[in-house]
Structures are given as structure tokens and as C-alpha cells.
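Q: Can we go through this one together? I have a few quick questions.

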Amino acid sequence: ASVFTAAPALAGPYVNVENNASYTGSDYTNATTDFHVGWDGEISETVDYYVQGGPAIVGVDGEDNDTQLSGKAGLGIDATDSLNIYGEVSVLTADGDVDNSWGTKLGAKYSF
């Protein structure tokens, strides 16, 4: 019976490697690979968070790869037993006179 018992969620440090690639049709345009170290945990019984950051390898088609810094922070809120509302803010640094890239994510997940 212990095989079917759910283990409690562990909070704390983690490593996350993620690649996001872009294509226009079948033509590769660019990719960013994040190598992040992060921390996640609970603020309350219904609110959890994560913060992560580290180097990012940026590869644009036809150009040399570039290393920047990137980071993400997010929250998840259990609005009900079935509905979770979540959000994320991310940043990718840039060189010289180019502005940093910022991103946001906002969503809802309904579980049946």
C-alpha cells in the first residue's frame, strides 16, 4: 500500500536546464538554453513560489553563440481544490546598448 501513498512535495534547491528554440516554418531562427539553479517552496498552504537563475547560452542562426544571464520567478495560487492560478516574470540580459529582454506568463490550470 505504501507504493500508492503520495510523498509530500519537497521544497528547496534544484537545478533546471531548459532549451527554448524558435522556428519560422521549418527554418531554425534561434535557441536559448538556460542553466539555472533555483529554490522553490510554500508561502502558505495555498501559495507556492520559485526563483531561479544562471547562465543562458543564446544561439541565433548564422551567428556565434553568446552567453548571457537569465532568471525567472513565479507564484502559484490554489484558488480552489481544482483551480490553480500561476504567473511568472523572466529576464535575459543583453550586451551593450541593447535592452534586456523581459517576459511574463499568466495562466490558469483546472484539474478534473
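What follows is a short exchange on a predicted model.

Q: Where does Thr-32 sit?
A: Thr-32 is part of strand 2, which covers residues 27-44.

Q: Buried or exposed?
A: Thr-32 is buried, because its relative accessibility is 17% and the cut-off for buried is under 20%.

Q: And what is Thr-32 in contact with, leaving aside neighbours within four places in sequence?
A: Its contacts are Glu-18, Asn-19 and Asn-20, along with Ala-56, Ile-57 and Val-58.

Q: Moving to the surface, which residues form the nonpolar patch?
A: Val-15, Val-17, Phe-35 and Val-37 make up a nonpolar patch there, and together they have about 400 Å² of accessible area.

Q: Which elements give two or more residues to that patch?
A: Strand 1 (12-24) and strand 2 do.

Q: What about Val-15, buried or exposed?
A: Val-15, which lies in strand 1, counts as exposed at 66% relative accessibility.

Q: Change of topic: how many aromatic pairs?
A: The count is two. In one of them, the ring centres of Tyr-23 and Tyr-28 are 5.8 Å apart and the planes are at 65°, so the pair is edge-to-face.

Q: How exposed are those two, Tyr-23 and Tyr-28?
A: Tyr-23 has a relative accessible area of 54% and is exposed, whereas Tyr-28, with 28%, is partly exposed.

Q: What is the geometry of Tyr-110 and Phe-112?
A: Tyr-110 and Phe-112 form an edge-to-face pair, 5.1 Å centre to centre with 75° between the planes. Tyr-110 is exposed at 52% relative accessible area, and Phe-112 is exposed at 93% relative accessibility.

Conventions
Residues numbered from 1 in each chain as written. Predicted model: local features only at pLDDT ≥ 70, side-chain atom pairs only at ≥ 80, totals over all residues. Heavy atoms only, no water. Helix = DSSP H or I, 4+ residues; strand = E, 2+ residues; numbered from the N terminus. Buried < 20%, exposed > 50% of the residue type's maximum accessible area, 1.4 Å probe, protein only. Contact = heavy atoms within 4.5 Å. Patch = residues over 30% accessible without salt bridge, like charges linked within 9 Å, V, L, I, M, F, W, Y side chains within 5 Å. Areas by Shrake-Rupley, 256 points an atom, 1.4 Å probe, with all protein chains shown as cover. Salt bridge = Lys/Arg side-chain N within 4 Å of Asp/Glu carboxyl O. Phe/Tyr/Trp six-rings, centres within 6.5 Å; stacked < 30°, edge-to-face > 60°.
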